[in-house]
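Hi everyone, thanks for coming.

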Amino acid sequence: MSIRVSHVHGEHIAVEAANGTEILRYVYRPDPEAFEAKKPYAHPVRTLGGRTVTGYRPNDHRWHKGLQMTASHLSGQNFWGGNCYVHGQGYLPLPERVGSMRHDGFPVLSVEDDRLTVAEELTWVENGGSEWAREVRGITVHSVDEEAGSWALDWSIRLTNTRDEPLAFGSPTTAGREMAGYTGLQWRGPRDFTGGSVFAPDTDGDADKLMGSQSPWLAFTTEHDDVDAHSTLVFAHAPENLDPQHAIHESHWFVRSEPFPTVAFSWAFFEEFELPPGESFEYRYRLVVADGAWDEERVSSCLEGLSW
């Protein structure tokens with residue numbers, strides 16, 4: 001199934017499926033609110049059937065914006081947005097700690113029939129204006145399958161420390177808050193994903209049981225409001241992410257279905273890790289967006305049919 005890509009320069013890239021549904025809008029225009037950690041994000045993301053599967057600036061967390069790369073605790077700065085967790089004091093509004101991710105350019109932006117390939121250069125800037133890291137981000141839309149009712153979005157990161165001292169990556173859990181290890185690539189769902197079903201391979205656990213767990217993939221299914229329809233999102237790691245010989249630090253799932261729907265590929269859930277000056281780390285992720293209520297068998301079959 002072919003796709004159509006449009007680019008409003010300085011603002012966003014949009015991907016439209018052959019049936020006329022805009023399935024992805026990647027927004028890189030700078031956000032107006034510094035407290036929400038200005039950075040690019042993907043929203044709206046939709047199924048081929050037109051169901052929106054991302055939320056944007058919900059009233060409980062205004063800094064949650066679709067699908068976005070974050071770092072909640074990074075050497076005393078917050079590249080997630082919003083309040084900062086301080087052990088013994090809870091969440092505090094500390095705008096002087098909120099950093100940003102600056103879009104620097106697209107060295108690659110190509111479309112071939114049913115595939116969009118984007119490479120984006122960004123700079124991570126701490127609140128005082130110092131440039132702390134360079135990022136090369138990959139965004140790929142592919143495997144648009146009308147018959148299966150699904151498509152795939154790959155998101156990669158290569159981050160290089162440009163400081164003269166280590167960058168320390170952590171989370172609220174590493175700072176003292178139990179089972180709140182959110183950081184890394186984060187998805188926020190719309191309201192009708194609240195209370196949805198969450199499952200992983202070879203387990204009957206729900207969202208609460210899967211919090212802080214590890215697995216190659218995690219799926220989130222919901223029944224929508226307004227329309228008689230279900231959607232399924234599948235969050236998957238590239239094989240090397242879970243290989244201790246390759247990954248700089250092991251990943252765990254941050255996942256909630258209640259009181260609001262969210263998933264993050266957390267790279268520092270339970271323990272901090274450091275990135276030395278001049279060094280880099282890489283992760284690759286996949287999001288499959290599907291119409292219908294998929295089960296474990298269908299998720300596994302889909303992922304097995306998608307090469308990395």
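This is a predicted model: local features need pLDDT of at least 70, side-chain atom pairs count only at pLDDT 80 or more; totals for chains, interfaces and linings use all residues.

Let's begin with Ser72. You'll find Ser72 in the loop between β5, residues 67–70, and β6, residues 73–74. Is Ser72 buried or exposed? Its relative accessible area is 7%, so Ser72 is buried. Now look at its side chain: a polar atom there lies 2.6 Å from the backbone oxygen of Tyr182. If we set aside neighbours within four places in sequence, Ser72 is in contact with a list of residues including Gln77, Asn78, Trp80, Gly170 and Tyr182.

Next, please click on Thr173. This residue sits in the loop between β13, residues 167–170, and β14, residues 184–188. With 15% relative accessibility, Thr173 counts as buried, because the cut-off is under 20%. Which backbone oxygen does the side chain of Thr173 reach? That of Arg177, at 2.8 Å. Not counting residues up to four places away in sequence, Thr173 touches Glu178, Met179, Ala180, Gly181, Phe269 and Phe270.

If you want a place to look, His73 stands opposite Gly170 in β13.

On to the rings. How many aromatic pairs does a search of the whole structure find? The search gives 26. Take Trp187 and Phe235: their pair is tilted, at 5.4 Å centre to centre, with 55° between the planes. Trp187 lies in strand β14 and Phe235 in strand β17, residues 230–237, so this pair ties together parts that are 48 residues apart in sequence. Trp187 is buried, with a relative accessible area of 1%, and Phe235 is buried with 1% as well.

Then there is Phe265 with Tyr285. Their ring centres are 4.3 Å apart and their planes are at 45°, so this pair is tilted. Phe265 is in strand β19, residues 262–266, and Tyr285 in strand β21, residues 280–291, so the pair ties together parts 20 residues apart in sequence. Both Phe265 and Tyr285 are buried. Ring pairs link these residues into a cluster, which includes Phe169, Trp187, Phe235, Trp253, Phe265 and Tyr285 among its members.

Charges meet rings here too. The charged end of Arg163 sits over the ring of Trp132, 3.9 Å from its centre. Arg286 lies over the face of Trp308, at 3.8 Å from the ring centre.

Last, strand β21. Strand β12, residues 150–161, pairs with β21 in the antiparallel sense over 11 bridges, and Thr160 has Ser280 as its bridge partner in β21. β17 also pairs with β21 in the antiparallel sense, over 7 bridges. There, the bridge partner of Ser231 is Asp291.

That's my tour, and I'm happy to take questions.

Key. Residues are numbered from 1 along each chain as its sequence is written. Side-chain values use heavy atoms; hydrogens and water are left out. Helices (H or I, at least four residues) and strands (E, at least two) are DSSP runs, numbered from the N terminus. Buried means under 20% relative accessible area, exposed over 50%, partly exposed in between (1.4 Å probe, protein chains only). A polar contact is a pair of N or O atoms within 3.5 Å; within protein, one must be able to donate a hydrogen and the other to accept it, and residues adjacent in sequence count only if both atoms are side-chain atoms. Contact means heavy atoms within 4.5 Å. Two strands pair if DSSP finds at least two bridges between them. Rings of Phe, Tyr and Trp (its six-membered ring) pair if their centres lie within 6.5 Å; planes under 30 degrees apart count as stacked, over 60 as edge-to-face and the rest as tilted. A charge sits over a ring if NZ of Lys or CZ of Arg is within 6 Å of the ring centre and within 35 degrees of the ring normal.
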